[in-house]
Amino acid sequence: MAVNSPLPVAADLKPVNGVEIGFAEAGIKKPNRKDVLIMKLAEGATVSGVFTLNRFCAAPVQVSKANLEAVKNGGAPIRALVVNTGNANAGTGEQGLANANATCAEVAKLLGLEAGQVLPFSTGVILEQLPMPKLLAGLPAAAGSLKADNWFNAAEAIMTTDTQPKAASRTVTIGGHAVTMTGISKGAGMIKPNMATMLGYLAIDAKVAQPVLDELVKHAADHSFNAITIDGDTSTNDSFIVIATGTGGLSIDAASGADYEALKEAVTDISRNLAQQIIRDGEGATKFMTITVDEGVDVAECRKIAYAIAHSPLVKTAFFASDPNLGRILAAVGYAGVDDLDVTKLDLYLDDVWVAKSGGRNPDYKEEDGQRVMKQSEITVRVKLARGDATATVWTCDLSHDYVSINADYRS
């Protein structure tokens, strides 16, 4: 089960005016499970997204990027999203692209739209063609069940190896207007930015101009989904989409000012919550770890060191075993690729325990103190570089026996 992450409560997930959600059980990989999702958006909604940088990006990623770019060039606005689980439609060549486009065309037909107004998404096994008869047969049921308060079902419909659905919802007041936002995410393994191996969808009822939303989604992603890692593998299908339905009272037409800053903070906060739910539900995870690197020259080098620690199998397995073999952290810092790093100035903390001082073992450090912290389910690793004012934080989990078992048996 997920580390200190309670199940979302369906009644707590607020409908976002301008979004209707429907789902179906199409049997794409397994029978009797939700595996197809449609989101229908109100006229006037703006949509923006960020996607995986994997060169083998999946067919639906290619189609979604192209359809979003067409909007910027004067095409019809995005009015629907369609998601399937059980099959990633990645590494599938021209047939995969044809299948993604055919899915968009069928959703458009059902909803009275143009195919280019639909964004497709897939998640699951790579290098296998979509079972199109099953997928197409499931779409009418998904379209027929559209309603505003289907967010919990939506969260379940995008799961793969997740042990539980991931969702968050809140209402904030900005500029005197109540702004409702609800989002879902999925992911449990093959997680590493850019993006993380995940799907994330966040809807807000504010009206946000397209260029502003494009900037907003990138900022939110950089401080949430692009700050998590489970196993260091970058997926082919990663996508994070923000939808501004324009149905509420708040209107933002510039990426500046108090209202924009407040909206940016709120969107980033809920995105971070959704991203951390992914880490807490990492495949086989038993520990949730925050890695913070302080006093760096710039954020880039702080992130480089944080990820070196967070990706290290030796560090992650030590945390799983609650073994304070903390020299592994120093080794990861050393090979992170910061060539002019003066390790004689480095300090290392494990929560409140000062482990390494000026590049060596703190004379006051006791191993029993380190083990006390490592037995916790939530742990903070903090590295102080003593070379600047920059800081960066990433979130990760431990690496357990179950992670190996889950991935060894994934296709069976």
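Strand E8 (residues 199-204) and strand E10 (residues 239-244) run parallel and pair over six bridges, pairing being called when DSSP finds at least two bridges between two strands. Within this pair, Tyr201 stands opposite Ile241 in E10. The model is predicted: local features need pLDDT of at least 70, side-chain atom pairs count only at pLDDT 80 or more, and totals for chains, interfaces and linings use all residues. Residues are numbered from 1 along each chain as its sequence is written, and side-chain values use heavy atoms, without hydrogens and water.

**Five-stranded sheet**
- The strand order of this open, mixed sheet is E3-E10-E8-E7-E6; strands (E, at least two residues) and helices (H or I, at least four) are DSSP runs numbered from the N terminus.
- Strand E3 (46-51) and strand E6 (166-174) are the edges, each with a single partner strand, so one side of each has no neighbour in the sheet.
- Helix H1 (residues 59-72) lies across E3 and E10, at about 140° to E3; angles run from 0 to 180 degrees between N-to-C directions, with axes fitted to C-alpha atoms, for helices over the stretch in contact, where contact means heavy atoms within 4.5 Å.

**Six-stranded sheet**
- A second open sheet, also of mixed pairing, has the order E15-E14-E13-E16-E12-E17.
- Three bridges join the antiparallel strands E13 (residues 347-350) and E14 (residues 353-357), and Tyr349 stands opposite Trp354 in E14.

**Cysteines**
- The disulfide count is zero, a disulfide being a pair of cysteine sulfur atoms within 2.5 Å.
- The sulfur of Cys104 is 15 Å from the closest cysteine sulfur, in Cys57, too far for a bond.
- Cys104 is buried at 1% relative accessible area; buried means under 20%, exposed over 50%, and partly exposed in between (1.4 Å probe, protein chains only).
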